[in-house]
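Work through the exercises below with the sequence and the model at hand. Try each task before reading its solution.

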Amino acid sequence: MLPPQVRFSGILHNDLRINPDFYNWNRVRVRYCDGSSFTGDVDDVDPDTKLYYRGARIFRAIMNDLSRKGMQTAENAILSGTSAGGLATILNCDKFKSLLPDDARVKCVADAGFFINAKTISGTSDIQDEYKRVVTLHGSAKNLPPSCTSIMEPSLCFFPRNVVPYVQTLLFIINSQYDLWQVEDTNVSNILVPEYLDPQRVWKNCKVHISNCTLSQRIIIQDFGVEFLKAFLGLTPSFTRGYFITSCYSHGQIQSARYWFSANSPRLLNKTIAEAVADWYFDRAEFHQYIDPYPCGRDCWSTS
């Protein structure tokens, strides 16, 4: 069950000291529970689970409700999200912009949603198979960019590497090249070390802190980071696209004040994530592409 209340922190915080550029904005947090990053659109109810796969309709309904409450006159707007919400931000960015006035400053910030099409430690393509099941089950193909689905299997358009080049709205990507969820999270089936491939839980301590990882585990994680950067830097060049790629062994950074803007926040070229995003959004700096040169994953904060 989802908690009845959630804290607004990081980019959603209303304290000038924690969120200096966006603290006084109207902020809306949308609960994510549709399982398809708001792309599902199936008329029939699943006869076995009695579930509705209609994430795209949920997105439209929420946007329509917000428009009636004043969003249609917004002068500045950001669509952001973390993890599956970060992916949803990428996949729905252009739709969001189309709902705002033509002269509004509309941009998107995707956090921890740049999932790569990597193989597991056993060499299987689990994440690609999972995305194929999701797109089929939710009928997502119709809500993915036609420019992408017309040239490749629709499920491959769930991978940001393939779909970001077709996003027309200005986009800022925040991610760790050693993203904790993609590397190893024993609570879910993920990309590199899904739970079923770790029956003895030898990765358990490694999940808590990268400093707990064995040498062989660190080498595997290091190789993943190299693969991540290869996928990310394989995007078509764009001078308007912003990004902040850290080496933190973490998953999700914009909804945490300690990552977003604090004395100990990760910094690249002496900028926090909050400062980099704000400078990009408000066109205060020409340079807005940051990649941590640190040569391996590191514990920026405790994940326990």
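The model is predicted: local features need pLDDT of at least 70, side-chain atom pairs count only at pLDDT 80 or more, and totals for chains, interfaces and linings use all residues. Residues are numbered from 1 along each chain as its sequence is written, and side-chain values use heavy atoms, with hydrogens and water left out.

**Exercise 1.** Find how many disulfides there are, and state their pattern.

Step 1. A disulfide is a covalent bond between the sulfur atoms of two cysteines; here the rule is a pair of cysteine sulfur atoms within 2.5 Å.
Step 2. By this rule the count is four.
Step 3. With bonded cysteines counted along the chain, the pattern reads 1-2, 3-4, 5-6, 7-8.

**Exercise 2.** Describe the disulfide of Cys248 and Cys300.

Step 1. The sulfur atoms of Cys248 and Cys300 are 2.0 Å apart.
Step 2. The torsion about their S-S bond is about -85 degrees, so this disulfide is left-handed.
Step 3. Cys248 lies in the loop between S4 and helix H9 (257-260), and Cys300 in the segment after strand S5 (289-291), so the bond ties together parts 52 residues apart in sequence. Helices (H or I, at least four residues) and strands (E, at least two) are DSSP runs, numbered from the N terminus.
Step 4. Cys248 counts as buried because its relative accessibility is 1%, while Cys300, at 25%, counts as partly exposed. The cut-offs are under 20% relative accessible area for buried, over 50% for exposed, and in between for partly exposed (1.4 Å probe, protein chains only).

**Exercise 3.** Which residues have the most contacts inside the largest nonpolar core?

Step 1. A nonpolar core is a set of buried Ala, Val, Leu, Ile, Met, Phe, Trp, Tyr and Cys residues joined through side-chain atoms within 4.5 Å.
Step 2. The largest has 59 residues, and Phe96 and Ile221 have the most contacts inside it.
Step 3. Apart from this core lies another, of 20 residues, including Leu12 and Trp280.

**Exercise 4.** Where is Gly234 placed, and how far is Gly234 from Arg161?

Step 1. Gly234 sits in the loop between helix H8 (215-233) and strand S4 (242-246).
Step 2. Gly234 and Arg161 are 73 residues apart in sequence, yet 7.5 Å apart in space, C-alpha to C-alpha.
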